[in-house]
Amino acid sequence: MVKRQTISAGEYHSLVVDREGQIWSFGNNFYGQLGDWTVSNRASPVQVWGLTGVIAISAGPGAISLALTDDGMVWAWGWNSYGQLGDGSTSIRKTVDLVQNLGDVTAIACGWNHNLALTSGGTVWVWGDN
């Protein structure tokens, strides 16, 4: 069973998961890390659109946000200069995007320019700046 990670504070932004498995974000948003389709800073929580069934989140120090959904998929948005969103690009994302080639993930973590995921089989995946 996956333990829920329902609150996460990054260097400049924070994420919270509500009881329905939806994400709310607030703080700095220069790189779209709040996931609200903008780059506007938010003093009050705004909903991250496009995700339900969220069981874990990670707000990275490098303006990155990650979410793990109950189907074992990982979603990312925000700063992406080093490919740390795992979508095959280096473009910032102001909305959620699926991290490619992952599945059956049970835990996630944001680093400064990289991210990690742990699968149920014990495999650790790392992507972004090396």
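The model is predicted: local features need pLDDT of at least 70, side-chain atom pairs count only at pLDDT 80 or more, and totals for chains, interfaces and linings use all residues. Residues are numbered from 1 along each chain as its sequence is written, and side-chain values use heavy atoms, with hydrogens and water left out. The chain has zero helices and 11 strands; helices (H or I, at least four residues) and strands (E, at least two) are DSSP runs, numbered from the N terminus.

**Overall form**

- Along the sequence, the pattern reads β-β-β-β-β-β-β-β-β-β-β.
- The radius of gyration is 13 Å, which agrees with the value near 14 Å that a compact globule of 130 residues would have. This radius is taken over C-alpha atoms, and the globule rule is 2.2 Å times the number of residues to the power 0.38.
- Taken along the principal axes, the C-alpha atoms fill a box of roughly 40 × 35 × 20 Å.
- Of the 130 residues in the chain, 46% are buried. Buried means under 20% relative accessible area, exposed over 50%, and partly exposed in between (1.4 Å probe, protein chains only).
- The chain exposes about 6,500 Å², and carbon and sulfur atoms supply 53% of that area. Accessible areas come from the Shrake-Rupley method with a 1.4 Å probe; for residues, only the protein chains shown count as cover.
- Among contacts with a separation of 6 or more, 42% join residues 24 or more positions apart. Contact means heavy atoms within 4.5 Å.

- Strand E6 spans residues 64-69, and six of its six residues are buried.
- Both faces of E6 are covered, with Ile64, Leu66 and Leu68 on one side and Ser65, Ala67 and Thr69 on the other.
- Strand E5 (residues 54-59) pairs with E6 in the antiparallel sense over five bridges. Two strands pair if DSSP finds at least two bridges between them.
- Within this pairing, Leu66 in E6 is the bridge partner of Ser58.
- E6 also pairs with strand E7 (residues 74-78), again antiparallel and over five bridges. Here Leu68 stands opposite Val74 in E7.
- The hairpin of E6 and E7 has four residues between the strands, and Gly72 takes a positive phi near 80 degrees.

**Open sheet E9-E10-E11**

- Three strands form an open sheet in the order E9-E10-E11, with antiparallel pairing.
- The edge strands, E9 (105-110) and E11 (124-128), each pair on one side only.
- From one strand to the next, the twist averages 20 degrees. Axes are lines fitted to C-alpha atoms, for helices over the stretch in contact, and angles run from 0 to 180 degrees between N-to-C directions.
- Strand E10 (residues 114-119) pairs with E11 over five bridges, and Asn115 stands opposite Trp127 in E11.

**Nonpolar cores**

- The largest nonpolar core has 15 residues, and those with the most contacts inside it are Leu66, Leu68, Val74, Leu102, Val105 and Ile108. A nonpolar core is a set of buried Ala, Val, Leu, Ile, Met, Phe, Trp, Tyr and Cys residues joined through side-chain atoms within 4.5 Å.
- E5, E6, E7 and E9 each supply at least two residues of this core.
- A second, separate core has 11 residues, including Val17, Val48, Leu51 and Ile57.
- Leaving aside neighbours within four places in sequence, Val74 is in contact with Leu66, Ala67, Leu68, Asp97, Leu98, Val99, Leu102, Val105 and Ile108.

**Loop residues to look at**

- Ala63 lies in the loop between E5 and E6, a hairpin with four residues between the strands. Ala63 is not a glycine, yet its phi is positive, at about 60 degrees. Ala63 counts as buried because its relative accessibility is 8%.
- Asn101, in the loop between strand E8 (93-98) and E9, is another non-glycine with a positive phi, of about 65 degrees. Asn101 has a relative accessible area of 73% and is therefore exposed.
- Gly86 sits in the loop between E7 and E8. With a relative accessible area of 15%, Gly86 is buried.
- Gly86 touches Leu98, Val99, Gln100 and Trp127, not counting residues up to four places away in sequence. Gly86 and Trp127 are 41 residues apart in sequence, with 6.4 Å between their C-alpha atoms.
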